[in-house]
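Here is a short report on one protein chain.

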Amino acid sequence: MTVVTATGLGLVSLGGSAPADPTRRTAAELEALARDAASALEGKPAEEIARWATDTFGARFCVTSSMADAVVAHLFSRVTPGVDVVFLDTGLHFPETLKVRDTVARTMNVNVRSIRPRMTVGQQDGERGPRLFARDPDECCFLRKVEPLERALVDYDAWATGLRRDESPTRANTPVVTFDARKGKVKVNPIAAWRQADVDRYIARWNVPVNELFKKGYGSIGCWPCTRRTKAGEDPRAGRWAMFEKTECGLHQ
C-alpha cells in the first residue's frame, strides 16, 4: 500500500492482495453474523446499529460516504471516534462534493481515506476513448467506483453505507445488516429505516456538512457528467444517468 498525503487526507493507491490472516472470520461466519444481526437490530436506533458494527468488527470495519452529506460519517464519529471513512475519488466529482469531504476530514474525528481509480481520467480517455461515461456508463462506474471500492475493502470484513429505503423503489427492502455474497463481507445500513425528515433533523441538530448542490436543484449527487438537476415532482434519483436506463452505479448491486 502506498499512501500520499495531500490536503490532510490519505490519498491511497492499493495494489496487490493482503496476506492470509488466520484470525479473520470466514465468509460463512460473516454471513451467519449478518443474518442474526439483521433480525436483532431491525427497528433499533441507528446509534445502536453503528455500535454493534464497530464492536463486532473493530479495525476491520469502515464507513463509506459519497459526501452528498456527512450524516453516516458523523454518526460513527460519535459512536467510534477515529473510524475509517472511505471516499471514492473518481476524478469526476463536483467541487461541492470535494468540499464536503475536506470539511469532514478537517472537523470530524474520523480518518478519511480518499481512494482513487487505477487510471486518471486522462489515462482512461487514452485507453478506452474519451467520454466513456456517455458511451458506456456501466463500464465507467466499474472502473472509477466499483473496482476501487473492492480494493479499498480488502482489509475490512464489514462496511457501512448511507442507503435508505425511501430513496428509490430499488432500495425499498434494504436491511439494516446484510451479507454481500459477491464481496464476501457484511454490509451495514444503519439509517436504512430513516426518512428524509429524519435525515434533516439529524443534520439540523448536529450541524452536519451537506453538499451545497442540494440547494441548487439536485436531488441526488454523483459525478458531474452523469448528474443533472431534478424537476419538481421527480424521483430524487431521476437526475442520475438521465439518458440511460440506469439507476445505480453498481456499488450496491
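A disulfide is a pair of cysteine sulfur atoms within 2.5 Å. By that criterion, this predicted model holds zero disulfides. C226 is in no disulfide: its nearest cysteine sulfur belongs to C141 and lies 6.3 Å away. C226 counts as buried, because its relative accessibility is 16%. C62 is also buried, at 0% relative accessibility.

**Overall picture**

The protein chain has eight helices and eight strands. Of its 253 residues, 49% are buried. Take the contacts between residues at least 6 apart in sequence: 68% of them join residues at least 24 apart. The chain exposes about 12500 Å², and carbon and sulfur atoms supply 52% of that area.

**Aromatic pairs**

The structure holds six aromatic pairs.

The F61 and F76 pair links distant parts of the chain. F61 sits in strand β3 (residues 61-64), F76 in helix α3 (residues 71-79), and 15 residues separate them. F61 is buried at 2% relative accessibility. F76 is buried at 0%.

Y202 and W206 both belong to helix α8 (residues 196-206). They are four residues apart, so about one helical turn separates them. Is Y202 buried or exposed? Y202 is buried, since its relative accessible area is 6%. W206 is partly exposed, at 30%. Together with W194, Y202 and W206 form one aromatic cluster.

Definitions and conventions
Residues are numbered from 1 along each chain as its sequence is written. This is a predicted model: local features need pLDDT of at least 70, side-chain atom pairs count only at pLDDT 80 or more; totals for chains, interfaces and linings use all residues. Side-chain values use heavy atoms; hydrogens and water are left out. Buried means under 20% relative accessible area, exposed over 50%, partly exposed in between (1.4 Å probe, protein chains only). Helices (H or I, at least four residues) and strands (E, at least two) are DSSP runs, numbered from the N terminus. Contact means heavy atoms within 4.5 Å. Accessible areas come from the Shrake-Rupley method with a 1.4 Å probe; for residues, only the protein chains shown count as cover. Rings of Phe, Tyr and Trp (its six-membered ring) pair if their centres lie within 6.5 Å; planes under 30 degrees apart count as stacked, over 60 as edge-to-face and the rest as tilted.
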